[in-house]
Amino acid sequence: MKIVVHIDEAAQWQAALEEALPQATVLTSEAPADERKDADYLAVWKAPAHLLQEQTQLKGIINLGAGVDYLLKTPGLPSDVPIVKLRDAGMGELMADYALYGVLHFYRSMDRYSEQQKSATWEPQEVVEKSQWPVGVLGLGAIGSFVASALQQAGFPVLGWSRSPKQISGVHCFHGDDGLSELLGQVQSLVTILPDTNATQHILNAERLAQLPQGANVINPGRGSLIDEQALLEALGSGHLRGALLDVFQEEPLPADHPLWQHPKVIVTPHMAAPTPLNDAIDQVIAYLHAFESGEKLSTINPEAGY
Ligand code: OXD
């Protein structure tokens with residue numbers, strides 16, 4: 001079996017796969033083209049198009065991340081090769097930390113204290129009960145449901161939304177367009193963890209942002225395409241929204257002259273909320289390879305749906 005790996009720090013992944021699968025040939029995408037071209041499997045994160053185009057006998061592609069949007073847009077992606085993606089694999093916990101940090105940032109008025117510090121203003125802000133601070137989570141896949149449960153365990157009432165109905169213990173779940181409006185009208189903090197698909201492009205447009213209560217905040221560790229950035233800037237500028245913590249953007253890296261960089265109510269982080277953790281992911285990759293080889297039925301990506 002030949003596996004070609006493409007991800008930052010691919011040498012570590014290569015070593016871990018070689019150790020777990022001593023009979024396999026594991027190469028990184030840095031290997032010479034004639035050695036990599038007849039791979040059985042690609043294990044990739046943001047692979048260059050040529051790595052996909054040069055393959056002649058692929059049996060499967062393992063996406064080394066949760067979102068498959070980049071892979072599905074890569075020119076030359078073969079249409080007849082099954083794709084699987086990492087499911088949680090430690091990313092849920094990282095995302096939950098990011099989301100909780102964002103919720104606490106606004107809940108405990110850290111945005112206001114950082115403003116007050118500029119004028120040496122000593123003024124404690126009111127702390128409301130957590131029960132008065134409902135948090136919305138858009139996207140209830142493996143990672144979104146982990147995040148929703150973690151926020152609920154941290155003491156916040158959590159309202160979750162997905163396109164089709166879901167049930168998560170302790171989380172009030174909504175679905176469909178009406179469910180989305182109902183959720184938006186009630187939450188103080190909104191966390192977006194939906195995948196980038198045709199159906200989720202600008203799901204938070206001007207109209208939906210206006211449905212959030214006055215003074216709400218947005219935390220986006222999901223995908224930049226979920227939010228209409230112009231509409232977000234307007235909602236922040238008008239004072240309707242109190243602030244935003246953003247990890248993902250329509251264009252990445254966020255261009256140096258983009259107004260979000262300088263916005264006083266926005267914190268920008270460089271798509272770092274949940275880097276794929278090697279140790280948790282490797283077992284899942286190995287399980288996928290065994291399943292492919294033994295012809296087991298796998299839950300594969302539906303390119304039409306985008307996840
Ligand atoms: C992912 C990501 O999709 O880190 O895994 O963006």
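Biologist: What should I know before we start?

Modeller: This is a predicted model, where local features need pLDDT of at least 70, side-chain atom pairs count only at pLDDT 80 or more, and totals for chains, interfaces and linings use all residues. Residues are numbered from 1 along each chain as its sequence is written, and side-chain values use heavy atoms, with hydrogens and water left out.

Biologist: What makes a space a pocket rather than a cavity?

Modeller: Both are sets of points on a 1 Å grid over the protein atoms alone. In a cavity a 1.4 Å probe fits but cannot get out. A pocket is an open set with protein on both sides within 12 Å along at least five of seven lines.

Biologist: What is the volume of the largest pocket?

Modeller: About 1200 Å³. Of its 47 lining residues, G65, A66, G67, I143 and R223 are the closest to its centre. A lining residue has an atom within 4 Å of a point.

Biologist: Which helix gives the most to that lining?

Modeller: α7, with three residues. Helices here are DSSP runs (H or I, at least four residues), numbered from the N terminus.

Biologist: Where does the ligand sit, and how do you know?

Modeller: In the largest pocket. The rule asks that more than half of a molecule's atoms lie within 2 Å of the grid points.

Biologist: Which residues surround the ligand?

Modeller: W45, G65, A66, G67, M91, R223, H271 and A274. Each counts as near because one of its heavy atoms lies within 4 Å of the ligand.

Biologist: How much of the ligand does the protein cover?

Modeller: The protein covers 88% of the 210 Å² of accessible area that the ligand has on its own. Areas come from the Shrake-Rupley method with a 1.4 Å probe.

Biologist: What lines the largest cavity?

Modeller: Its lining is N220, G224, I227, E229, L232, L246, V248, F249 and L260. Its volume is about 40 Å³.

Notes. Points joined across faces, edges and corners; volume = space filled by probe spheres on them. Helix = DSSP H or I, 4+ residues; strand = E, 2+ residues; numbered from the N terminus.
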